[in-house]
Amino acid sequence: MSEASSRGIVVMNAPGGNTLTTAEHAVSMMLSLARNIPQATASMRAGQWEKKAFMGVEIGGKTLGIIGLGQIGRVVASRARVWA
């Protein structure tokens, strides 16, 4: 920390400062994977259009397992509750 400060880099502890951002990012990544967005993006960048290969799955009615219900886990659970 002192090395960063000596180089003009601000280092601070901000507990809870990015809890919502982190939880929402986790939820958005789950949605992305459910719809095969990374795979479809890679396919399109390779010049292909494999529309039927990347249909994805619906998330409604699925069970989400969350390991750890700390600050971030609780926010993920509250965001995911709307899918039930």
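How much space lies in the largest pocket? About 210 Å³. Keep in mind that this is a predicted model.

Let's stay with that pocket. Its lining is made up of 12 residues. Closest to the centre are K62, T63, L64, A80 and W83. Two elements each give two or more residues to the lining: helix α2, residues 19-34, and helix α4, residues 71-80. What about the classes? Nonpolar residues account for 9 of the lining positions. Another 1 is polar, and 2 are charged.

Now the charged pairs. Side chains of opposite charge can pair when their charged atoms come close. How many salt bridges does a search of the whole structure find? It finds 2.

Take R7 and E3. They form a salt bridge, with 2.6 Å between the closest N and O atoms. Is R7 buried or exposed? R7 has 64% relative accessibility, so it counts as exposed.

Next, E24 and R79. Here the closest N and O atoms of the salt bridge are 3.0 Å apart. This pair links distant parts of the chain. E24 sits in helix α2, R79 in helix α4, and 55 residues separate them. What is the relative accessibility of E24? It is 41%, so E24 counts as partly exposed. R79 has a relative accessible area of 32%, so R79 is partly exposed too.

One link back to the start. Helices α2 and α4 hold E24 and R79. Those helices also give residues to the lining of the largest pocket.

Conventions. Residues numbered from 1 in each chain as written. Predicted model: local features only at pLDDT ≥ 70, side-chain atom pairs only at ≥ 80, totals over all residues. Heavy atoms only, no water. 1 Å grid on protein atoms, 1.4 Å probe; cavity = no way out; pocket = protein on both sides within 12 Å on 5 of 7 lines; lining within 4 Å. Points joined across faces, edges and corners; volume = space filled by probe spheres on them. Helix = DSSP H or I, 4+ residues; strand = E, 2+ residues; numbered from the N terminus. Nonpolar A, V, L, I, M, F, W, Y, C, P; charged D, E, K, R; others polar. Salt bridge = Lys/Arg side-chain N within 4 Å of Asp/Glu carboxyl O. Buried < 20%, exposed > 50% of the residue type's maximum accessible area, 1.4 Å probe, protein only.
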